[in-house]
Amino acid sequence: MSLLQHMVFFPVLIPLLMGTVLLLPFFHKYIRRQRVAVIIANLLLLVVAVKLLADSLQTGTTMYMMGDWQAPFGIALVNDPLASVMLVLSSVLGLAAHLYACAGDDKRGMFFHPLFMFQMMGINGAFLTGDVFNLFVFFEILLMASYALIIHGGGKQRTQSAVHYVLLNLAGSSFFLIGLGIIYAAFGTLNLADMAHKAAQLDEDNIQLAKSGAMLLLIVFGLKAALLPLHFWLPRTYSYTATPVAALFAIMTKVGIYSIWRVHTAVFGNHAGDLANITPEWLWPLAWLTLVMAVVAVLASQSLKMMASNLIAVSAGTLLLAIAVNTEQATAAAIYYLIHSTLASAALLLIAGLITDQRGQAQDRLVKARAVSQPAMLGIFFFIAALALIGMPPLSGFVGKVMLLQATTADAGWVWPPLLISGLAALVMLSRAGSTVFWRTSGGNSSNTAEKVRAHPLQVIAVLVLLLALPLMVIFGGALTEITQRAAEILYLAPQPLAEAL
Amino acid sequence: METIYAICVGAMTTGGVFLVLRGYTFAVVLGLTLLSYAVNLFLFASGNLKIDAAAILGESESYADPLPQALVLTAIVIGFAMTAFALILALRARSDLGNDHVDGKTVIYDELGQNSANQRGENQ
């Protein structure tokens, strides 16, 4: 089966081809055809991702060389349990966000579907890539698509938050390239596996260079992952953009986290000699403060979407803290928590979108306003998403938090208080938000003042896809923790020479 | 040669950072352009500077490291596209927000004033 050999490339190839095809005349002007095509593409991506996950669990790491060019020079794609778990997550999230968009949000601007596909291509590529330069290239692809998606639908607020987001990320890209230049000068390679192998054997002259390169990359990934002094763009950008776009962006901060794992935990990890573990000492205070600031921001949120965005910052802070702890067990727990928090916060963003549609002028602001037209359904959805985000049993948030707490008993004095307080803050804020939206309603005769807006079936399905994943993550928790354990092991393996890795 | 090269890259980076920190989108976009020039030169130098050495084997006695040159090529293309996008976005922001401040400042106040005026109108 020659085609199956090339399967590793499919998560990049499918969205690339589909995005291009959608610009051709047969699809270009027919939004229905575009919707069907993209839903098929998303399902295909999900199938491929699951197959890749099954493969990687069976055979371990496989390196795919594009065009069969030799290893440190050619473009390498790497499929291992960590990469394929992230691929499954991104395709589930992509499917849900896209289904939601198909209910009408895609018509509010041009080229939504092709851009969505290019965004998926960038995200999947960033998860699969085996060298740092292509990480940069795929970052740029996903950023370019996100720049355009972020102003989808237009409006002053969106333009304004997009200016911040684009300019910040352009400056970030410059830093990324400077970091890459320094690392290439020090290592003589940009292939991650090769770098990990060479890190322990660097000359003394090059060690300072490599350190500064690694720190520059930490700044760039920190910007993506919403690390403390670099996170101010996040709440506005996420809360002002279109609902399905915001839901898809729930995975963008996680791309930053994933890159820190790949570069700083795997390359500059325990086996790197003089370069070993240079980041945790910086990450400790910053991640801690990120979490605390995000908790304060959650408590101060004025609208549902703002609160959901700040909860994303909370989850980013939690994950960064787990990276700072830097043990295999904590990383395994963090991968589980990452999957859970991405799905749950995306679900909350979609639910906030539905509530916004049904509340008329009050939108999603936390003020007394008219009741939503489907209080029972939205109330149940909100309740489930809230339970998961707070971390109450029986949903995945509880399991994720418990695993994180168990993995960090050695550093309990530092890690536990912000983790537990973030849960409390989420509980306070989500119950306040829920009671304001669903119970503190005015009038009650909304039926005769305005036509009732009802949720589109596709929107309901989209929310259900995400919400159903949460209990499933608990029911199949045993299998899933085994996978996350395997994924975390990859990051802590002793590096081997590249020739043996192939 | 290295010293002059380093001074040039440093001067451009300084100028770029200074302009990026300005409050108006035009200056910021110019700064980003300058910064990306500096970055491209910097990347180019990461494979060591060599004179009379082609990046192709057999063309000259010694050869230069071709990988940074390939990286620079990619970086130039991406940087160019991004700058073009940033310019268009700056123009859009200029027309949407009414000024070219990066925070769109005055207009936010106007908008808030407008909003409260609207609500007052409704209450009456």
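Predicted model: local features only at pLDDT ≥ 70, side-chain atom pairs only at ≥ 80, totals over all residues.
Residues are numbered from 1 along each chain as its sequence is written, and chains are lettered from A in the order in which they are written. Local features need pLDDT of at least 70, while totals for chains and interfaces use all residues.

Helices here are DSSP runs (H or I, at least four residues), numbered from the N terminus. Axes are lines fitted to C-alpha atoms over the stretch in contact, and angles run from 0 to 180 degrees between N-to-C directions.

| Helix pair | Angle | Axis distance |
|---|---|---|
| H8(A) (156-187) and H3(B) (66-97) | roughly 165° | within 10 Å |
| H17(A) (375-390) and H19(A) (412-438) | about 175° | 9 Å |

The first pair joins the two chains. H8(A) and H3(B) are therefore roughly antiparallel (over 145 degrees). Residues are in contact if their C-beta atoms, placed from the backbone, lie within 7 Å. Among those of H8(A) that meet H3(B) are Val163(A), Leu167(A) and Leu170(A). On the H3(B) side, the residues include Met82(B), Ala86(B) and Leu89(B).

The contact between the chains takes 26 residues from chain B and 20 residues from chain A. H3(B) gives the largest share of the chain B side, 13 residues. Helix H2 (25-45) of chain B also gives two or more residues.

The second pair lies within chain A. H17(A) and H19(A) are also roughly antiparallel. Phe382(A) and Leu389(A) are among the H17(A) residues in this contact. H19(A) brings residues including Leu427(A), Leu430(A) and Phe438(A).

Notes
Parallel < 35°, antiparallel > 145°, perpendicular 65-115°, else oblique. Contact = placed C-beta atoms within 7 Å.
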